[in-house]
Amino acid sequence: MKSLFEELPSLHPLWVHFPIVLLLMALFSHVGALCLKNHRRALSLLTFGLLLLGSLGAFAAIQTSTHISGEANENAFAVFEIHQRFAWISFWLASGTTVVHFLGLRKDTNAWVNYLILVLLISLSVTLFITGHHGARLVYQYGVGPMGNGILIN
């Protein structure tokens, strides 16, 4: 299947950083909501908005990536597989956390729901770190990217 963005190979590196920032900021705003009771509702709404936009952005970032071809190192293919797998895990974790948070906003939630969201956001941060680490390895260790030897094309 051809990628929708095959003719724009530099779109993925440009797009991918927005959802990373949004999803990490969701963790910080949720911690703020847990700590600052006077501002809990506003920070909870901010967290939800960051999660929603971050999830949509993560999906768009995944869609702007393609697969490795060209003269990429054989090890780069394995790293790319890990990078792609954790990108999808991050997307589904972000989406699931968004749904849980939305349901929590709609009801008077128990404290355990807020702590569940906290655990999900910490887990999401870990998967984002792993995804980003492998993406950086592709670029800086193996030279994969729009200007590298192992161009990301379809």
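Modeller: Read along the sequence, the pattern is α-α-α-β-α-α-β. This is a predicted model, where local features need pLDDT of at least 70, side-chain atom pairs count only at pLDDT 80 or more, and totals for chains, interfaces and linings use all residues. Residues are numbered from 1 along each chain as its sequence is written, and side-chain values use heavy atoms, with hydrogens and water left out.

Colleague: How many helices and strands in the chain?

Modeller: Five helices and two strands. They are DSSP runs numbered from the N terminus: helices are H or I with at least four residues, strands E with at least two.

Colleague: What about the largest pocket, how much space lies in it?

Modeller: About 600 Å³. A pocket here is an open set of points on a 1 Å grid over the protein atoms alone, where a 1.4 Å probe fits, with protein on both sides within 12 Å along at least five of seven lines. The volume is the space filled by probe spheres set on the points, which are joined across faces, edges and corners.

Colleague: Which residues are closest to its centre?

Modeller: His 12, Val 16, His 83, Thr 131 and Gly 135, out of 28 lining residues. Lining means having an atom within 4 Å of a point.

Colleague: Which helix gives the largest share of that lining?

Modeller: H5, with eight residues. H1 (11-15), H2 (17-35), H3 (40-63), H4 (74-106) and H5 (111-141) each supply at least two.

Colleague: How do the lining residues divide?

Modeller: 18 nonpolar, 10 polar and no charged. Nonpolar is Ala, Val, Leu, Ile, Met, Phe, Trp, Tyr, Cys and Pro; charged is Asp, Glu, Lys and Arg; the others, Gly among them, are polar.

Colleague: Where is Gly 132?

Modeller: In helix H5. Gly 132 is partly exposed, because its relative accessible area is 35%. Its C-alpha is 9.4 Å from that of His 17, 115 residues apart along the chain.

Key:
Buried < 20%, exposed > 50% of the residue type's maximum accessible area, 1.4 Å probe, protein only.
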